Each structure stands twice: as structure tokens, then as C-alpha cells.
Amino acid sequence: MNDIINEETILSTNNDTSTSSITLWEEVAVILSALVGGGRYGLKIRLPHATVMTFLFGSKLSFHEKIKTIAKLATEHATNLAAFACVYKFMLSSLKVLSKRINQGYDADTIHYGILRQLSKSLLSIIVNGPYYQRKRHIASITTNPSKPGLPEQPYHAFLAGSVGGYLVWGNYSSINYQLLLYLASRIIIGCIKLARKKGVPPFSWKGLTFNKTYPWAAAGIWGTVMMLFEEYPDVLHPSLKRSMDEIYRFSFGADKSESCCST
């Protein structure tokens with residue numbers, strides 16, 4: 001009983017502090033800032049890249065078509081990054097509010113009493129806070145270190161907000177979206193390997209497996225695999241990668257564009 005009273009007191013005290021320090025307008029300002037920042041960064045990154053790639057590989061396009069293609073690619077990238085940043089920050093703010101309401105029991109009047117109420121509240125708590133949520137630890141965490149505007153209240157919120165944004169914004173297939181997906185996938189693999197080494201997970205934590213020692217073997221395996229796929233199954237490679245490799249290993253010898261040594 002005392003634990004419950006203490007938890008409610010902590011929640012009430014923390015709610016008063018967070019309300020005074022973190023206002024609704026601060027959260028809105030963070031969302032708008034993310035919208036502008038995402039659009040600006042997307043335009044800055046994609047515009048020079050699209051210009052180089054279009055003029056390099058778009059030899060059959062007229063000058064007007066090249067400019068139109070560059071504008072389309074830059075706009076799509078900037079728009080998607082702006083939309084994702086906005087959705088992500090909005091989801092973080094929403095999850096923060098929902099989490100506090102669930103912990104404080106403010107949703108009691110909106111759900112039927114009895115078993116249905118408990119099941120609904122438990123289901124909502126799992127969705128908002130994750131299946132491994134620990135209430136006491138969370139209360140202590142937000143009391144000692146409350147999250148700032150625009151930051152996740154817990155790691156699960158970052159995953160859930162990113163997943164929603166990824167589905168809504170990047171879930172529609174396009175060459176740019178697919179390219180970014182591949183880019184992130186490779187970075188995630190490297191990041192997970194580094195995390196496993198940091199956490200002491202074998203074999204990544206073995207002292208002999210340093211970056212300088214493993215990098216040459218990784219380069220050998222990756223380049224060996226991609227060259228085998230290019231020679232044997234070129235159709236499974238990404239079109240942009242295949243075009244680049246055709247330019248180096250086929251067209252440079254005057255071979256016909258449709259020629260592929262061992263294509264099926």
C-alpha cells in the first residue's frame with residue numbers, strides 16, 4: 001500500500017515539474033524544427049548527388065529532362081526526410097503524453113469498468129510502453145532524469161516512433177527510398193557488431209578480432225561475393241550497382257551492353 005502511495009506521489013510531483021518545465025509549445029517547436037531540418041538536410045544531400053549522377057548516367061536525356069529529374073529527386077528526398085522527422089517527433093511527444101496518462105490512471109473514465117477495462121488498459125500499456133515495461137523503474141527514471149522536449153522517454157518509444165514513420169513515409173517504394181533502406185541496413189549491421197563487441201558477446205568480443213585485422217577479410221569476402229553475383233546472377237543486384245559494374249567490367253572492353261558472361 002505504501003509503495004502505491006509513494007508511486008502516485010512521485011508521479012504527481014514529477015507531473016507538476018514536467019508540466020512547468022516542458023510545455024506543449026516546446027514540443028510543437030521541436031516538431032516544426034525537425035520538419036525544417038529534415039527538408040533542408042535532404043535538399044543539401046540529394047541535390048549535388050542527383051546532379052552528378054544524372055549528368056553522368058543520363059546521357060540520353062535532354063538538358064531540360066536532366067534538370068527536371070534532378071529537381072524531382074531532390075524534392076522527393078527532402079520531402080521524405082522532412083515528413084519522417086515530423087512524424088517521428090510527433091510520435092515521441094504523443095507516446096510521452098500517453099505513457100504519463102496510463103501511469104496516472106487518467107484514462108479510467110474512457111474505458112468500461114471491470115475486466116474489459118483492465119484488458120484494454122493492459123493492451124494500451126503494452127503498445128505504448130512495450131511488453132517489457134517496468135513501472136517502478138520507469139517512474140524512478142523519469143523522476144531523476146525527465147526527458148527533454150523532442151527526446152524519447154524510453155528506448156522503446158524511439159523504436160515505435162521510428163517504425164511508424166518508416167512505414168508511413170519510407171514504406172512507399174521508390175528508387176530513393178530503397179537506396180536509403182540499403183544504406184541504413186549496412187550501417188545497422190556494422191552498428192550491431194560494434195554493440196555486440198561493446199557488450200562482450202563472443203566472437204565479436206574476442207581481443208584478437210580487432211578492426212585492423214578483420215577489415216581485410218571483410219573486404220575480401222564482400223568483394224568476392226559481389227563479383228560472383230555479378231558474373232553468375234547479375235539480375236539479383238541493385239540496378240544502380242549493376243550499371244556501375246557494367247560500365248567498369250563490360251562496356252570498357254567494347255562489349256555489347258546486353259552481354260553477360262554467365263547470365264541466366
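**Close-up views of the predicted model**

View 1. Asparagine 80 has its place in helix H3, where helices are DSSP runs of H or I with at least four residues and strands are runs of E with at least two, both numbered from the N terminus. This is a predicted model, in which local features need pLDDT of at least 70 and side-chain atom pairs count only at pLDDT 80 or more, whereas totals for chains, interfaces and linings use all residues. Residues are numbered from 1 along each chain as its sequence is written, and side-chain values use heavy atoms, with hydrogens and water left out. With a relative accessibility of 14%, asparagine 80 counts as buried, the classes being buried under 20% relative accessible area, exposed over 50% and partly exposed in between, for a 1.4 Å probe and protein chains only. Once neighbours within four places in sequence are set aside, the residues in contact with asparagine 80 are Val169, Trp170 and Asn177, contact meaning heavy atoms within 4.5 Å. Val169 and Trp170 are among the buried residues of H6, and Asn177 is one of the buried residues of H7.

**View 2. The whole chain as background.** The chain has nine helices and zero strands, and reading along the sequence gives the pattern α-α-α-α-α-α-α-α-α. Of the 264 residues in the chain, 27% are buried. Among contacts between residues at least 6 apart in sequence, 68% join residues that are at least 24 apart.

**View 3. The largest pocket.** The volume of the largest pocket is about 1,300 Å³. On a 1 Å grid over the protein atoms alone, a pocket is an open set of points where a 1.4 Å probe fits, with protein on both sides within 12 Å along at least five of seven lines, and lining residues have an atom within 4 Å of a point; points are joined across faces, edges and corners, and a volume is the space filled by probe spheres set on them. The lining of the largest pocket comprises 37 residues, and those nearest its centre are Met53, Phe57, Pro239, Ser240 and Arg243. At least two lining residues come from each of helix H2 (24-57), helix H3 (63-104), helix H7 (175-199) and helix H9 (239-249). Sorted by class, this lining holds 16 nonpolar, eleven polar and ten charged residues, with Ala, Val, Leu, Ile, Met, Phe, Trp, Tyr, Cys and Pro taken as nonpolar, Asp, Glu, Lys and Arg as charged, and the others, Gly among them, as polar.

**View 4. The second largest pocket.** About 740 Å³ of space lies in the second largest pocket. Its lining is made of 24 residues, and Trp170, Leu180, Leu181, Tyr183 and Leu184 lie nearest the centre. Two or more lining residues are given by each of H2, H3, helix H6 (155-170) and H7. The most comes from H7, which contributes eight residues to this lining. By class, the lining of the second largest pocket has 14 nonpolar, nine polar and one charged residues. Two of the residues nearest the centre, Trp170 and Leu180, are also buried, Trp170 in H6 and Leu180 in H7.

**View 5. Helix H2 and its kink.** The 34 residues of H2 should span 50 Å at 1.5 Å a residue, and the end C-alpha atoms are 48 Å apart, which agrees; the expected span is 1.5 Å times one less than the number of residues. At arginine 46 in H2 there is a kink of about 25 degrees, shortly before proline 48, the bend being the angle between axes fitted to the seven residues ending at a residue and the seven starting there.

**View 6. Helix H6 and leucine 168.** H6 has 16 residues that should span 22 Å at 1.5 Å a residue, and its end C-alpha atoms, 21 Å apart, agree with this. His157, Leu160, Ala161, Gly165, Val169 and Trp170 are buried in H6. Leucine 168 also has its place in H6, but with 52% relative accessibility leucine 168 counts as exposed. A distance of 8.7 Å separates the C-alpha atoms of leucine 168 and valine 87, which are 81 residues apart along the chain.

View 7. The 25 residues of H7 reach 36 Å from the first C-alpha to the last, close to the 36 Å expected at 1.5 Å a residue. Just after H7, glycine 200 takes a positive phi of about 80 degrees. Proline 202 and proline 203 are joined by a cis peptide bond, with omega about 0 degrees, and proline 203 is found in the loop between H7 and helix H8 (211-232).
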